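Subject: Structure for your review

Dear colleague,

Please find the structure below, handed over for your review. My findings follow it.

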Protein chains: 2
Amino acid sequence: MASSDFARLPGFRDFPPEEMALRTHVFEAWRRVARRYGFQEYDGPPLEALELYVEKSGEEIVGQLYNFTDKGHREVALRPEMTPSLARILGERSRALPKPIRWFSTPQLFRYERQQRGRLREHFQWNVDIVGEAGVAADAEVLAVALDGLRELGLGPDDVRARVSDRRLLAALMRSAGVADDRLTAAYAVVDKVERETRERSRGRLMAEAGLDATGADAILDLFDAPGLDAVRERFGDREEVAEALTRFDEYLATLEGLGLGSFVDFDLTIVRGLAYYTGIVFEVFDARGELRAVCGGGRYDRLLELVGGEPLPAVGFGMGDVVLTELLRDLDRLPDVSRSVDWFVVVIGDDLRPRALDVARRLRDRGESVAYSLRSHAVRKQFKAAESEGARRVLVLAPDEAARDEAVVRDMATGEERTVSLASLDVD
Amino acid sequence: MASSDFARLPGFRDFPPEEMALRTHVFEAWRRVARRYGFQEYDGPPLEALELYVEKSGEEIVGQLYNFTDKGHREVALRPEMTPSLARILGERSRALPKPIRWFSTPQLFRYERQQRGRLREHFQWNVDIVGEAGVAADAEVLAVALDGLRELGLGPDDVRARVSDRRLLAALMRSAGVADDRLTAAYAVVDKVERETRERSRGRLMAEAGLDATGADAILDLFDAPGLDAVRERFGDREEVAEALTRFDEYLATLEGLGLGSFVDFDLTIVRGLAYYTGIVFEVFDARGELRAVCGGGRYDRLLELVGGEPLPAVGFGMGDVVLTELLRDLDRLPDVSRSVDWFVVVIGDDLRPRALDVARRLRDRGESVAYSLRSHAVRKQFKAAESEGARRVLVLAPDEAARDEAVVRDMATGEERTVSLASLDVD
C-alpha cells in the first residue's frame with residue numbers, strides 16, 4: 001500500500017506540538033477572558049441530527065455539510081456551527097436555569113467547502129452567548145468579551161476594528177425611506193453588498209428589488225457616503241422609530257466606552273450578516289488593514305431558541321474562528337515563543353545512580369515541575385545534548401562523589417551557572 | 001416539527017457547564033501530569049481516510065465505525081482511536097525529530113457500537129506515547145504517566161491497580177510448553193479468556209487450538225493458579241528465553257519502584273490485549289474492586305509505524321478513557337465541587353452609578369478576576385439574589401454616598417463580613 005493512501009484529508013489540519021502550542025495559547029486566552037466575564041464553558045457532540053441544521057438554515061445548507069446516513073439509518077451531520085446545538089441543549093434545560101445564561105464553548109466545526117487556497121474544511125470557533133436578556137447591556141457585554149479576547153492575545157485598536165450596526169435601526173431607516181416590510185430582506189441584501197458594488201448598481205437594485213423610488217434610494221445610499229451616526233441622526237432622527245433605535249445604539253456604545261473598549265468600535269451600517277437570522281445589533285471584527293476575512297462575527301438572534309422548540313428567549317452571541325485569528329497574530333508577530341522546554345533534565349554519571357535519578361525526578365514532579373532524563377544508558381555528553389534538545393532550563397547532574405555526600409550539581413542552562421544542592425531538600429530557589 | 005426531532009443522537013453526550021467542569025478537571029490533571037514528564041501535546045483531525053483504520057485493524061473494523069463517502073467521493077471515518085493518526089503524523093515527521101518522541105493527546109473518539117446501558121458511541125481518551133526508544137525504561141515511564149495521572153485525580157493503590165504482563169515473556173513460556181510459533185496467537189486468545197472460562201475448557205482449547213499436549217497445557221494453566229513472577233521463575237526460569245524476559249521484567253518493575261509507583265502494580269499473565277498489535281510489555285488499569293471496565297490500557301507496539309509507511313520505530317503508549325474514569329471518581333466520591341462561581345458581583349444602587357460599575361468591572365477583570373453584574377436595572381434585593389445564583393464570592397456595592405467619597409462596600413458572601421474599600425485602589429486583600 002502506497003503511503004500516500006494515508007495522507008491527511010484535504011482541508012484538515014494536523015497539530016504537531018509546535019502548532020498545538022499555538023492553538024493552546026489562543027484557547028487559553030479565550031477561556032481566561034470568558035471566565036473573567038462570568039461565562040461557563042459547555043460542549044455538545046460534534047455529530048448531530050441533520051434536521052437540526054436544515055431547520056435553522058434551510059435545505060441549501062446540506063450541500064455544504066459533512067452529512068451521511070449512520071448505521072442506524074439516521075441522517076446525521078458533523079456540526080457546521082455551534083448555535084443549533086446550544087439551542088437544542090438549552091431547549092431541554094433553560095427553564096431550570098437562572099437568567100441570563102452566560103455560556104461559552106470552543107468547538108471544532110466542519111464544512112464541506114470547495115477547496116481554495118487558505119480555505120479549510122474545519123476550524124475551531126470560540127462561541128460566546130448570553131441567553132435570556134434582551135437589553136443592550138447584554139449586546140455590549142458580548143462584544144466586550146470578543147474584544148477583550150483579542151486584547152488578551154496582544155491585539156489593540158490599531159490592529160483590529162469592530163464594525164457594529166443594528167438591524168432594527170437599518171429596518172427603521174429603510175421604512176423611513178419607503179421600503180415595505182416584505183421587501184426589508186431584499187433591501188438588506190443590497191446593503192450587504194454596497195461596498196463591493198457601484199453606487200449606480202446599488203441604486204438600481206434598491207429600486208428594482210426593494211421597491212424604493214429614486215429619492216428613497218438616494219437617501220439610503222447617501223448614508224454610506226457620509227458614514228457615521230451623526231449623518232443618520234441628522235437626516236432621519238426625526239422619525240420616532242429611528243430615534244428609538246438611535247437611543248438604544250447610543251446606550252450600547254456608552255456601555256462599551258464604560259468597559260474601556262470604545263476605541264475598538266466603528267459604527268458601520270453595511271454590516272448586515274446572515275439574512276434570516278439576526279434581529280438586532282450585529283457586528284464583525286476585522287483586522288485594521290482589511291486584508292483578511294472577518295476574525296469574528298455575531299449579534300442578537302432573539303427567535304432561534306423558539307424555532308428549535310425551546311423556551312422563547314432573547315439571545316446574543318458571537319463566533320470567533322481560530323484560523324483567521326492565528327493568521328493575523330502571525331502577520332503581526334504576536335504569537336508567543338512555543339519552543340519545547342522542560343524545567344529539569346537529570347543527567348546520570350554511571351548507571352548505579354539511575355535509581356537516585358528516578359527518585360529525584362519523582363520528587364520534582366510531585367512539586368509540579370517537569371522533568372526528563374535519558375531512558376537508556378548514554379555518555380554524559382549525549383545526555384547533555386538530549387537536555388538541550390528538550391529545552392531543559394536546568395540540568396541536575398548525579399555524579400558518584402557528590403551523590404555519596406547526598407549532593408548534586410545543578411546547571412542553569414541559560415546562564416551556565418552551576419551550584420551544588422542537597423539531594424535531601426532539592427532546594428534551588 | 002416535533003421537538004423530539006432535535007434530540008441528541010443516541011450514545012452521544014452533551015456537556016452542560018456542570019458536566020463540562022468535571023471534564024475540564026480530568027483533562028487538566030491529564031495535561032499537568034503529561035507535561036511534568038516532558039510530554040508535548042498534539043492533535044489530529046477527527047475525520048481520517050477509512051483505509052488508515054482498515055490497514056491497522058482489518059476490514060472487520062468497518063462495521064464498528066462511523067464511516068461514509070464524502071462529497072469528494074473519499075471513503076472516510078470518524079477516528080475510533082488515535083494511534084493510527086499518530087503513526088500517520090509521525091510518518092511525515094519522525095525523521096526530523098530528536099528521539100525519543102514524547103507526545104500526548106486528548107482526542108474524542110467514535111465507534112458505532114450496539115447500544116447498551118452505559119455504552120457510549122464517543123469518549124475522550126488520554127493518549128500518551130513514547131516513540132523511538134525500545135528499552136523498558138520507556139515502558140515504565142509510560143505506565144508511570146498513567147498512574148500519576150490517576151494519582152493527580154485523587155486515586156491511590158487502594159483504588160486502582162495496574163495489571164502488567166509481557167508478550168515476549170508469554171511467548172517464551174508458550175514456546176517452552178511446546179506451542180509452535182504459528183500457534184502463538186491462538187494461545188494468546190485462550191489466555192485472554194482464561195479468567196472467564198473453566199480450567200477444563202481452557203485446557204481443551206490449549207490442546208485443540210494451540211497444539212499443546214496435556215502436560216504442556218497443564219504447565220501453562222498452573223501458572224494462572226499460582227500467579228506471580230516467582231512461580232514463573234521457579235518453573236520456567238531455566239529456559240534462556242524466559243530468563244531473559246524475566247530480567248527485562250524485573251528491570252521494568254524496579255524502575256516503577258524507583259518512581260514511587262510500585263505499590264500500584266501487579267504482575268498478571270492473563271493481560272494480553274488486542275491480538276495482533278502489541279509486541280512487549282502490556283498493561284491494563286482497573287478499579288481495585290473490579291466492578292468497572294478497564295480505566296486504561298496500553299503497551300509496546302514496535303511495528304505499527306512501519307506498517308503505515310513510516311520510519312521503523314519502537315513505540316509504547318496507552319489510552320485512558322474519560323467515561324469509566326469519571327464513573328470511578330464519582331463512585332469513590334473523588335470529584336471536585338464544580339458549582340458555579342465568580343470572584344465578584346457588582347451591585348448598583350441607582351442607575352446613575354452604572355458607568356462606575358462598568359469601570360470597576362473592567363479594572364477587576366484586567367487583574368484577571370471574574371466579575372458579573374446585572375445587565376439591566378434591578379432592585380438591590382434582586383441583584384443580591386443574582387449574585388448568589390452566580391456563586392459570587394464577594395459583592396461590591398456601589399451606593400451614592402460612598403461613591404461620592406470614591407468608596408464602596410465589599411461583602412464577603414461566605415462570612416457576611418463587610419468592609420469599605422477605596423474605588424481608586426480596589427484594594428481588598
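**Backbone features**

His73(A) is exposed, because its relative accessible area is 70%. Please bear in mind throughout that this is a predicted model. Although His73(A) is not a glycine, its phi is positive, at about 65 degrees. His73(A) is placed in the loop between strand 3 and strand 4 (75–78) of chain A.

In chain B, Asp333(B) likewise deserves a look. Asp333(B) is not a glycine, yet has a positive phi of about 60 degrees. The loop between helix 12 (322–331) and strand 13 (342–348) of chain B holds Asp333(B), and a relative accessibility of 66% makes this residue exposed.

One runs from Lys99(A) to Pro100(A), with omega near -5 degrees; Pro100(A) belongs to the loop between helix 3 (83–93) and strand 5 (101–105) of chain A. In chain B, the bond from Lys99(B) to Pro100(B) is cis, with omega near -5 degrees, and Pro100(B) is found in the loop between helix 3 (83–93) and strand 5 (101–105) of that chain.

**Aromatic rings**

Over all chains, the count of aromatic pairs is 25. One of them joins Tyr66(A) and Tyr112(A): the ring centres are 5.2 Å apart and the planes stand at 70 degrees, so the pair is edge-to-face, the angle being over 60 degrees. This pair links distant parts of the chain, 46 residues apart. Tyr66(A) is in the loop between helix 2 (50–57) and strand 3 (67–69) of chain A, and Tyr112(A) in the loop between strand 6 (108–110) and strand 7 (122–131). Tyr66(A) is buried, at 2% relative accessibility, and Tyr112(A) is buried at 12%.

In chain B, Phe27(B) and Phe124(B) form an edge-to-face pair, with 5.3 Å from centre to centre and 75 degrees between the planes. Phe27(B) lies in helix 1 (residues 17–36) and Phe124(B) in strand 7 (residues 122–131), so the pair ties together parts of chain B that are 97 residues apart in sequence. Phe27(B) is buried at 9% relative accessibility, as is Phe124(B) at 5%.

Chain A also holds an aromatic cluster formed by Phe15(A), Phe27(A), Trp30(A), Phe124(A), Trp126(A), Phe283(A) and Phe318(A).

**Charges over rings**

The charged end of Arg23(A) sits over the ring of Phe15(A), 4.6 Å from the ring centre. Between the chains, the charged end of Arg365(A) sits over the ring of Tyr37(B), at 3.6 Å from its centre.

With kind regards

Notes. Residues are numbered from 1 along each chain as its sequence is written. Chains are lettered from A and ligands numbered from 1 in the order in which they are written. This is a predicted model: local features need pLDDT of at least 70, side-chain atom pairs count only at pLDDT 80 or more; totals for chains, interfaces and linings use all residues. Side-chain values use heavy atoms; hydrogens and water are left out. Rings of Phe, Tyr and Trp (its six-membered ring) pair if their centres lie within 6.5 Å; planes under 30 degrees apart count as stacked, over 60 as edge-to-face and the rest as tilted. Helices (H or I, at least four residues) and strands (E, at least two) are DSSP runs, numbered from the N terminus. Buried means under 20% relative accessible area, exposed over 50%, partly exposed in between (1.4 Å probe, protein chains only). A charge sits over a ring if NZ of Lys or CZ of Arg is within 6 Å of the ring centre and within 35 degrees of the ring normal.
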